[in-house]
Amino acid sequence: MSRLVLGVSGGIAAYKACLLLRRFTEAGHDVHVVPTANALEFVGATTWAALSGHPVTSSVFAEAESVNHVRLGREAELVVVAPATADLISRAATGRADDLLTNVLLTATCPVVLAPAMHTEMWLHPATQANVAVLRSRGVVVLNPADGRLTGADSGPGRLPEPEDIEASALAALAEPGIAAAMAGQDLAGLRVLVSAGGTREALDPVRFVGNSSSGLMGFAVARAAGQRGAEVTLVGANLSAEPPAGVRLLPVVSTADLAEAMLAEAAGADIVVMAAAPADFTPVNPSSRKLKKSGSSGLVVEFTQTTDVLAGLVANRPAGQVVVGFAAETAADEAELLSLGTSKLARKGCQLLVLNNVSGGAVFGSADNQVLLLGPEGQVGRAAGPKTSVAHAILDAVRTVIEGMPA
Ligand code: CTP
């Protein structure tokens, strides 16, 4: 359990911070909410107090006996501001201390994560962009906003990332100072990252398919982590049910053939390709164009044929300098067997990095956590365990090391 401060500034997206607060407290964290006076115009102090279990004020003069205006920031292990308006970002960048939240920001020595929400013009304005750059240069994580529907009829970059998206990036920043530094430093800016996620479906007839239990969460986490480190991210998503992470372009696909087509087309312009999807290895030879009837038959025999190996195609067409990352989910008795299976798969697939996990017992599918070994052609290059977003950052760190080792 960690001690968190959730700052809320005055934007309509303040209502979404209630859900974020709920997620933090349900994950076991002790959260103090510090709204600005304007935030209280949108969601009242009673809501924040009831949901957090702590008294709530925006004033530096309340609870003066405990020197609240410096205590909250000093004691915090993570400060998250959601939504962070253009005004709050400006006040934070210039070091103002005109309310309790800006006092917290000036006294906090822990990771600080700001989740911006504002109209597109305000986000793109050079004044806001300069403030964001100043904050990032000081190590503050300023999340990239989502691109989508804003308060009115307008749409564009500036939408608050979804609560689960903010939570995942914020907890990754809390877990590892290196992750916070990578997001603040936007260390993947200028790179194009292509990620696949989810499980493909092979049609038996118009209503039935053969699929697998991939949740898509690991690919989502890689897309989220890359986007928050400044990369331009495209996610080829096979049958995903959730909205893509903030700022990520989604290309939905269904079957392994669709996935292969989309990945090969998009990979031509990518610097990093991460094949986290679970494509079906087999597809029915003759899917029925009409619904198969059970009446009159006692069973069903279906002939399958192998699908395209997408990863092999990506490796075969890899432009110079591109890093291709494969995944291998193996059922191994122990780590030695896992490594040996991974080593031969890496050699067979020919990718630059293989993310290897042991799925004995099926614990990984749908879980928020993962535990992986990272393998390069020269052997094991790392390991990571924890929430999938933290594991995703470790994978991207390993990719950066591969890029740095490539001939210029
Ligand atoms: N993969 C792919 N195309 C397929 C099947 C798998 O691109 N038709 C990719 C996966 O996305 C993953 C990697 O290949 O990145 C390894 O997947 P895995 O199922 O472990 O590999 P297979 O080649 O199917 O190996 P196995 O012989 O263990 O089934």
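Tutor: With patches. A patch is made of residues with over 30% relative accessible area and no salt bridge; like charges are joined within 9 Å, nonpolar side chains (Val, Leu, Ile, Met, Phe, Trp, Tyr) within 5 Å. A salt bridge is a side-chain nitrogen of Lys or Arg within 4 Å of a carboxyl oxygen of Asp or Glu. Areas come from the Shrake-Rupley method with a 1.4 Å probe; for residues, only the protein chains shown count as cover. Here Phe282, Leu300, Val302 and Phe304 make a nonpolar surface patch of about 360 Å².

Student: What should I know about the model itself?

Tutor: It is predicted: local features need pLDDT of at least 70, side-chain atom pairs count only at pLDDT 80 or more, and totals for chains, interfaces and linings use all residues. Residues are numbered from 1 along each chain as its sequence is written, and side-chain values use heavy atoms, leaving out hydrogens and water.

Student: Is phenylalanine 282 buried, exposed or partly exposed?

Tutor: Buried means under 20% relative accessible area, exposed over 50%, partly exposed in between (1.4 Å probe, protein chains only). Phenylalanine 282 has 45%, so it is partly exposed. It sits in strand β14, residues 282-284. Strands (E, at least two residues) and helices (H or I, at least four) are DSSP runs, numbered from the N terminus.

Student: How many helices and strands does the protein chain have?

Tutor: The protein chain has 14 helices and 19 strands. Buried residues make up 50% of its 408 residues.

Student: Which polar atoms lie by the ligand's oxygen atoms?

Tutor: A polar contact is a pair of N or O atoms within 3.5 Å; within protein, one must be able to donate a hydrogen and the other to accept it, and residues adjacent in sequence count only if both atoms are side-chain atoms. An N or O atom in the side chain of lysine 345 is 2.5 Å from a ligand oxygen. A polar backbone atom of leucine 311 is 2.6 Å from a ligand oxygen. For a polar side-chain atom of aspartate 281, the distance is 3.4 Å. On its own the ligand has 580 Å² of accessible area, and the protein covers 76% of that.

Student: Where does aspartate 205 lie?

Tutor: In the loop between β9 (202-203) and β10 (209-210). At 3% relative accessibility, aspartate 205 counts as buried. Its side chain reaches the backbone nitrogen of valine 207 at 2.8 Å. A polar contact of 2.4 Å also joins the side chains of aspartate 205 and arginine 208.
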